[in-house]
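Let's take a walk through this fold together, starting with the overall picture and then going helix by helix. Have the model open beside you as you read.

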Amino acid sequence: MTEHAPHPATIPGYIDDKDSHLTRLRRIEGQVRGLQRMVEADTYCIDILTQVSAATKALEAVALGLLDDHLRHCMVHAANDPAHLEETLSEASSAIARLVRS
């Protein structure tokens, strides 16, 4: 996983929705623990796959929310710095491509 240093004097775009994102991620964490229990209990394959699909969709929703926050916040701030704007656009494009390929 690659981590990028934030542009100077910026805060994460998701800061206003941080609690909401954390709540959703904790719920997903619980779903994944539930999946582990299902496998340990030899649950029917299709039932497990149904829950995997639900957890996957939940993660995708978090990703899309973070991307929306990024575009609305980070891209707006980067617009004042052409060099940073190009970098931020490239990062956003790469993130979108990863989401589409998954």
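Two residues are in contact, or touch, when they have heavy atoms within 4.5 Å of each other. Before using that, a word on what you're looking at: this is a predicted model, where local features need pLDDT of at least 70 and side-chain atom pairs count only at pLDDT 80 or more, while totals for chains, interfaces and linings use all residues. Residues are numbered from 1 along each chain as its sequence is written, and side-chain values use heavy atoms, with hydrogens and water left out.

Now the big picture. The protein chain has three helices and zero strands, giving the pattern α-α-α along the sequence. Helices here are DSSP runs of H or I with at least four residues, strands are runs of E with at least two, and both are numbered from the N terminus. Of the chain's 102 residues, 18% count as buried; buried means under 20% relative accessible area, exposed means over 50%, and partly exposed is in between, using a 1.4 Å probe and protein chains only. Among contacts with a separation of 6 or more, 56% link residues 24 or more positions apart. The accessible surface comes to about 7600 Å², with 58% of that belonging to carbon and sulfur atoms. These areas come from the Shrake-Rupley method with a 1.4 Å probe, and for residues only the protein chains shown count as cover.

Let's start with helix 1, residues 18–40. The expected span of a helix is 1.5 Å times one less than its number of residues. For the 23 residues of helix 1 that gives 33 Å, which agrees with its end C-alpha atoms being 33 Å apart. Its buried residues are His21, Ile28, Gly34, Leu35 and Met38, and they pack against helix 2.

Look at histidine 21 in particular. It counts as buried because its relative accessibility is 9%. Leaving out residues up to four places away in sequence, histidine 21 touches Tyr14, Val62, Gly65, Leu66 and Asp69. Further along helix 1, glycine 34 is buried too, since its relative accessibility is 16%.

Together with Leu25 and Leu59, Leu22 forms a nonpolar surface patch with about 220 Å² of accessible area. Patches are made of residues with over 30% relative accessible area and no salt bridge, joining like charges within 9 Å and nonpolar side chains (Val, Leu, Ile, Met, Phe, Trp, Tyr) within 5 Å. A salt bridge is a side-chain nitrogen of Lys or Arg within 4 Å of a carboxyl oxygen of Asp or Glu.

Aspartate 42 has a positive phi of about 55° although it isn't a glycine. It counts as exposed because its relative accessibility is 68%.

That brings us to helix 2, residues 45–78: its 34 residues should span 50 Å, and its end C-alpha atoms are 47 Å apart, which agrees. There is a kink of about 30° centred on histidine 70, where the bend is the angle between axes fitted to the seven residues ending there and the seven starting there. Histidine 70 is one of the buried residues of helix 2, along with others including Val62 and Asp69. The buried residues of helix 2 pack against both helix 1 and helix 3 (82–101).
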